[in-house]
Amino acid sequence: MKFSDREISVFQAIMSTGSVSAAGSRLNLSQPSVSRLLSELEAKFGCRLFVRHARGMAPTPEAKAFLVEVERKLMVMTSLEDLASQIANKDQGGLVVGTNAGFSVSIVPQAVKFLNVLDKPISVDILVKSSQRVIDYVRSGLVELGLVHATDVPLGVEVLKKGEVPYVAILPEHHALTKSNDKLNLEALKNERLSGPDGAVSEVIKARRIGRYPEHQIVSGVSLAALEVAVCTGAVPIVDAFIARNWITKNGGVAHVLNDLPGFNYALLAPTETQKSQIAQKLLESLVQTLDQTASWATEL
């Protein structure tokens, strides 16, 4: 038993419109042609698919069950066609990446750079939201890849990579503490005015009474803001290694790992049970490489 494409098209049109004449108008076929194709389909199927009534055509239970399978097969074929197009045009297309503010300047642009987007018809939409919002977008399939700050592994998503990097203090090159080869800890910063992200970092500093004014730190919801405020006020910024490396590369300074602070956890995510496009796969590989480079840089500090 083999159904023709025209028979399947007629079946779908009648299911959608509930009328032979309306199906003919949609498919640009005459009413007799639609009736003939439906009769041929029902003969192959072995039972009635529609029952005529005063208001048109009512589908039988068999027709409703058949529609589910038809749509499933068409969805598979569409996926295969999309995949074939991606393979044939591997350097074309686009994708949406979700990330938080810190990664949007420290990691994602570096990874996108390796796609050579200026020389190819590739579009990359970087959606910058809070980490929790990005997780929600990944879970719902609105973004193909998500890079977030996450302490716990999120549920309902595929975790492609997760890890931890230290928090880092950035000191001017002429600062007295940069002359020491010893590893820095928070106690070494007890006389400094500190700026850092709120949450775990600020709570530890406050609890241990570190810094010149432990009760009056300069805190911000994101490391980027804490870093910029530190520059304007002369405070010592404490930021994650991703932000620190990006800043030092562009602006100079000396980074010191603070091993007595809890680490900065990150996760690279994708929607579950989805086929990644060729571009998404390339960007994924580039993101992993860039994340690993920063992690390696931090271990050498």
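Predicted model: local features only at pLDDT ≥ 70, side-chain atom pairs only at ≥ 80, totals over all residues.

Modeller: Residues are numbered from 1 along each chain as its sequence is written, and side-chain values use heavy atoms, with hydrogens and water left out.

Colleague: How many aromatic pairs does a search of the whole structure find?

Modeller: Rings of Phe, Tyr and Trp (its six-membered ring) pair if their centres lie within 6.5 Å; planes under 30 degrees apart are stacked, those over 60 are edge-to-face and the rest are tilted. Searching the whole structure on that basis gives 10 aromatic pairs.

Colleague: Which parts does the pair of phenylalanine 3 and phenylalanine 66 tie together?

Modeller: The two rings are 5.4 Å apart centre to centre, with 65° between the planes, and the pair is edge-to-face. Helices (H or I, at least four residues) and strands (E, at least two) are DSSP runs, numbered from the N terminus. Phenylalanine 3 lies in the segment before α1 (5-17) and phenylalanine 66 in helix α4 (residues 61-88), so parts 63 residues apart in sequence are tied together: the segment before α1 and helix α4.

Colleague: Is phenylalanine 66 buried or exposed?

Modeller: Buried means under 20% relative accessible area, exposed over 50%, and partly exposed in between (1.4 Å probe, protein chains only). Phenylalanine 3, at 23% relative accessibility, is partly exposed. Phenylalanine 66 has a relative accessible area of 13% and is therefore buried.

Colleague: At what angle do helix α10 and helix α11 pack?

Modeller: Two packed helices are described by the angle between their axes and the distance between the axes. Axes are lines fitted to C-alpha atoms, for helices over the stretch in contact, and angles run from 0 to 180 degrees between N-to-C directions. The axes of α10 (residues 241-251) and α11 (residues 278-299) are 10 Å apart, and the packing angle is about 85°.

Colleague: What is the orientation of α10 to α11 called?

Modeller: Angles under 35 degrees count as roughly parallel, over 145 as roughly antiparallel, 65 to 115 as roughly perpendicular and the rest as oblique. The orientation of α10 to α11 is therefore roughly perpendicular.

Colleague: With which residues is tryptophan 297 in contact, neighbours within four places in sequence aside?

Modeller: Tryptophan 297 lies in helix α11. Leaving aside its neighbours within four places in sequence, tryptophan 297 is in contact with Ala241, Ala244, Arg245, Ile248 and Ala255.

Colleague: With which residues is asparagine 246 in contact, again leaving aside neighbours within four places in sequence?

Modeller: Asparagine 246 is placed in helix α10 and, with a relative accessible area of 16%, is buried. Beyond its neighbours within four places in sequence, asparagine 246 is in contact with Val105, Ser106 and Gln110.

Colleague: What is the phi of asparagine 28?

Modeller: Asparagine 28 is in the loop between α2 (20-27) and α3 (31-45), and at 72% relative accessibility it is exposed. Although asparagine 28 is not a glycine, its phi is positive, at about 60°.

Methods:
Contact = heavy atoms within 4.5 Å.
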